[in-house]
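Subject: A structure for you to look through

Hi there,

Here is the structure I promised to hand over. Please open it next to this email and follow along as you read.

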Amino acid sequence: MRFLSLRSAVVLSLLIGSAACAQVVRDADPSGELAPARPEPAADLLSYVDAGYWSPEERTQLRVEHGLWEPEELTTPALTARAMLLAGRPSHGSLSVPLAEPLDRAEAMIERGELRDALKMLDGIDTIRAHRMRAEALELQGDYEQADQAVDPVVDALLADTLEDADELVDGVLALMVRSRLRGPSKPGDPGSAAADFRTLMQLLARARDELDRQSWRAHAVEAELLYERGNLPQATEAARDALIRNPRAARVWRLMGTMTVDRFNFDKAMAIADVMDGLADGPSPDAGLLRARAALRQNDVAGALEQVEQVLRELPTHPRGLALHAAAVASTFDEAALRAALAAFDARTGTPSLAPHHAQLAVGMRLGEARQYEPAAAYLREAIKRQPNLAQSWSELGLLSMQAGKDDEALDALREAARLDPFHTQAVNSLALIEGLVDWPTLESEHFIVRYRAGIDELLAREMLPVLEAIHARVTGPEGFDHEPGQPTIIELMPDHATFAVRITGMPALHTVAAATGPAIAMESPQEGPGFTTGTYDWPRVLEHEYAHTVTLSRTRNRIPHWFTEAAAVWMENSPRPWGWWQLLAAAYESGTLFKMDEISLRFVRPIKPSDRTQAYAQGHWMYEYMVHAHGGRAPLELMDLYAEGVAQDEAMQRVLGIGEDEFFANFIEWAGDELLAAGLHQADDEPTLEELASKAGIDLGEPPSTWEPGVLATWLDEYPEHPEVLKAAVVAALADKGDEPLALSPELVPLLERLARARPVDPLAHRELARLALTGELEGARADAIAIEHLEFLDLSQTNTPVYARALVERYAKLGDLDQAWAKADRAVNIAPFDPALREVAATVAVQAKRWEEAERMLAALAELEPDRPIHARRLEALRKLRAAE
């Protein structure tokens with residue numbers, strides 16, 4: 001179909017208004033990955049450039065425009081300047097000589113931040129590109145009124161439908177993007193405003209790339225930038241790739257790809273992209289240095305970020321993006337005087353005291369928001385909004401920040417304004433839809449918590465949460481916890497499904513967890529099974545104890561705590577056995593020498609290299625915290641937190657509290673970890689051979705099941721090494737192996753072997769599981785059976801978080817023994833894991849009645865009446881119970 005002219009597009013925009021969303025015609029990139037190497041040019045581009053109808057001069061010009069040039073082809077100052085400009089070298093000497101094209105020289109000046117010189121050079125030039133550059137320079141200078149006026153000639157040309165050159169049309173779109181940032185959404189009756197509507201811009205770019213010039217890399221590049229501004233990273237990535245196969249040296253596209261890669265926490269790939277950018281032209285790229293700085297900052301490597309950005313500023317002291325990023329990095333040092341100086345340096349480059357550009361204020365606000373410095377972040381974002389009130393990004397960042405800080409009214413106002421200014425901003429629109437629903441949700445309150453839930457079945461759980469939460473508060477904030485109370489109630493938001501939970505946390509409907517704390521607010525997915533739920537049932541009190549530990553440690557440290565340390569403290573506060581999978585990961589990492597160093601463990605939470613890295617980071621961080629308490633006492637972590645609150649770096653803090661730095665702490669931890677693995681049966685003593693050594697000597701293939709090994713070899717090894725954990729496990733596995741088509745029945749004769757394995761490797765669930773099965777299947781009798789069942793069911797119950805099956809089995813055992821207190825405790829735990837399971841509520845009600853826990857019995861029967869309203873027996877039983885209580 002013929003694409004709309006701008007005049008037609010404007011009329012259509014005015015007729016249909018500003019929709020809240022629109023489908024972009026490009027497909028999302030399925031992988032989301034970004035290529036870190038310069039791609040091969042598209043075959044049709046090469047055919048186009050090599051066509052016989054071009055003169056040699058025209059072909060050379062095309063090769064420069066599409067990044068296909070070789071150094072020997074840059075035979076004139078103008079060609080060299082153009083090549084260097086497109087390849088991201090604005091400080092190259094060729095861009096300062098009079099023989100270069102004036103517009104290329106002016107564009108390089110804008111890149112370098114020499115805005116007044118650029119505006120002077122552009123004076124009197126009446127082209128679409130010149131008008132676009134004038135608008136961009138004035139916007140960077142903070143002269144927003146003049147910048148908006150500079151777009152008027154572009155709008156006039158577009159409305160006249162006179163632009164038939166793809167590059168001119170793309171420049172027109174860039175100019176309209178400036179207007180969109182300055183004016184906000186289209187207004188009825190204002191064609192100049194409607195021209196900047198997102199749909200119009202996409203249509204113009206489609207015309208440029210599909211009708212006017214199918215080799216226009218700039219059309220794809222600007223489309224990628226436009227999509228990125230709206231938070232659509234997958235389609236922005238695809239458009240960027242389309243641009244690069246039409247100009248592999250397009251620096252602005254590589255810059256965007258690097259930014260998106262850092263957004264995804266893919267720092268290794270970001271470094272590869274920075275290396276590519278350095279190789280695009282003759283010399284280092286300032287954008288590569290800024291990309292490295294941005295990646296360092298996201299990893300909380302403030303010193304590394306400052307080093308990179310200051311290196312760029314030594315060459316380009318007025319570089320706008322460099323100065324803004326420098327201010328953001330300085331903000332991360334928490335040196336307020338230095339930050340004021342950095343912000344003043346950004347403002348001073350305009351040379352006009354009355355102008356107040358917003359860019360550095362926005363960068364600082366966003367960076368402090370990443371660091372969870374909510375109050376100062378909000379102050380800088382509000383200052384950015386004061387300076388430039390029509391930029392949707394600033395409002396969106398403020399809204400998302402306010403959601404994280406638990407300030408929903410402020411979030412609602414900010415996100416409404418963001419969505420009004422840019423109805424196509426995905427994250428803002430998603431978050432607004434959620435927060436508009438949240439503010440009307442009912443709440444329940446206790447002294448330290450506010451529980452918010454959607455009306456319906458979740459109210460049942462919400463009511464039961466408050467007393468549990470108060471008990472969690474007493475433990476986490478008390479002297480055995482972190483000895484600190486947050487200064488405000490914590491909001492617990494019970495999300496009715498996973499998609500709602502994910503939008504609440506990230507603004508996007510995809511997230512792989514069931515609960516998350518942002519400081520004053522904790523969101524959790526309702527522990528239900530079925531469509532829309534990712535995990536199903538889970539031990540929500542344990543999960544919330546973990547998340548509330550984050551709230552408390554973030555409060556104590558003013559949100560200035562290393563990532564690994566806050567996660568380690570939260571796992572420590574769960575006070576539960578380390579999962580078997582974690583033990584295996586830690587043992588493998590210890591044996592292979594791949595435990596994370598102190599300078600990399602925090603990064604592995606956000607950017608794992610292997611699928612197991614994030615889990616290893618949790619497990620190892622908890623292990624190191626455990627060692628710290630063991631070696632330095634329970635107050636040591638708390639004293640470290642207080643130094644982190646002051647902005648002291650980790651190594652210095654450790655030296656001041658522990659008397660040793662990071663490297664020595666890690667070395668001592670490794671030595672202790674070996675002893676811990678030895679005690680857990682996951683590391684061999686120096687004087688004991690490994691299973692591999694034994695097998696090699698005996699000619700045994702460990703790839704084969706133990707039941708197929710040479711007869712008698714396991715018995716020989718057991719005689720020689722009776723407590724060898726690997727030999728014991730192989731013997732157990734062999735004894736449990738299939739015999740023909742029928743598995744060997746469990747028998748009491750296995751008990752001694754299983755108990756030896758449980759002693760030799762107490763963290764392995766195999767022996768615990770099989771001993772519990774023996775006891776529960778009636779193979780064992782009497783008190784010994786009950787003791788074995790309880791001991792090993794307790795281990796299994798405490799080692800998992802997603803099933804009530806072990807707690808349910810323990811209810812029966814404790815009730816049989818007449819221990820109704822323990823029976824009730826396990827019944828209550830089972831109900832907590834699966835609060836919407838009527839069968840478990842029935843069991844709990846029965847135990848509560850037997851134990852004369854009338855209040856708990858009434859709670860369970862009332863819940864049953866809600867869960868199964870079509871069963872009148874629940875109401876009758878509830879009435880009978882209330883009469884019984886009254887009689888007593």
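How many helices and strands does the secondary structure of the protein chain come to? The answer is 46 helices and seven strands. Both are DSSP runs, numbered from the N terminus: a helix is H or I with at least four residues, and a strand is E with at least two.

Before we go on, two notes on how to read this. This is a predicted model, where local features need pLDDT of at least 70 and side-chain atom pairs count only at pLDDT 80 or more, while totals for chains, interfaces and linings use all residues. Residues are numbered from 1 along each chain as its sequence is written, and side-chain values use heavy atoms, with hydrogens and water left out.

**The whole chain**

The C-alpha trace of the protein chain spans about 100 × 75 × 60 Å along its principal axes. Of the 888 residues in the protein chain, 56% are buried. Here buried means under 20% relative accessible area, exposed means over 50%, and partly exposed is in between (1.4 Å probe, protein chains only). Next come the contacts, meaning heavy atoms within 4.5 Å. Among those between residues at least 6 apart in sequence, 63% join residues at least 24 apart.

**The strands**

Start with strand E2, residues 449-453, where four of the five residues are buried. Strand E1 (residues 443-445) runs antiparallel to E2, and three bridges join them. Two strands count as paired if DSSP finds at least two bridges between them. The hairpin that joins E1 to E2 goes through three residues, and Leu444 stands opposite Val451 in E2.

E2 also pairs with strand E3 (residues 490-495), this time in the parallel sense and over five bridges. You can find Phe449 opposite Thr490 in E3, and Arg452 opposite Glu493 in E3. E3 in turn runs parallel to strand E5 (residues 521-525), joined by five bridges; there, Met495 stands opposite Glu525 in E5.

Is E3 mostly covered or uncovered? It is mostly covered, with six of its six residues buried. In a regular strand, side chains alternate between the two faces of the sheet. In E3, Thr490, Ile492 and Leu494 are on one side and Ile491, Glu493 and Met495 on the other, and all of them are buried.

Together, E2, helix H26 (residues 458-477) and E3 form a left-handed β-α-β unit. To picture the handedness, point the strands away from you: a crossover is right-handed if the path from the first strand over the helix to the second runs clockwise.

His473 lies in helix H26. Its relative accessible area is 4%, so His473 is buried. Not counting residues up to four places away in sequence, His473 touches His448, Phe449, Gly478, Glu485 and Tyr548.

Why does Glu136 count as buried? Because its relative accessibility is 17%. Leaving aside neighbours within four places in sequence, Glu136 is in contact with Leu174 and Val178. Between Glu136 and Ala108 there are 28 residues in sequence and 12 Å in space, C-alpha to C-alpha.

**Two helix pairs**

For helix pairs, axes are lines fitted to C-alpha atoms over the stretch in contact, and angles run from 0 to 180 degrees between N-to-C directions. The axes of helix H30 (residues 580-592) and helix H35 (residues 662-679) come within 11 Å and cross at roughly 125°. That makes H30 oblique to H35. Angles under 35 degrees count as roughly parallel, over 145 as roughly antiparallel, 65 to 115 as roughly perpendicular, and the rest as oblique. H30 passes H35 in a left-handed crossing, where the near helix is turned anticlockwise from the far one by less than a right angle (clockwise would be right-handed).

The second pair is helix H40 (residues 765-776) and helix H41 (residues 782-798), which pack at an angle of about 140° with their axes 8 Å apart. H40 and H41 are therefore oblique to each other, and their crossing is left-handed. Residues making this contact include Pro765, His768 and Leu771 of H40 and Ala785, Ile788 and His792 of H41.

Enjoy exploring!

Best wishes
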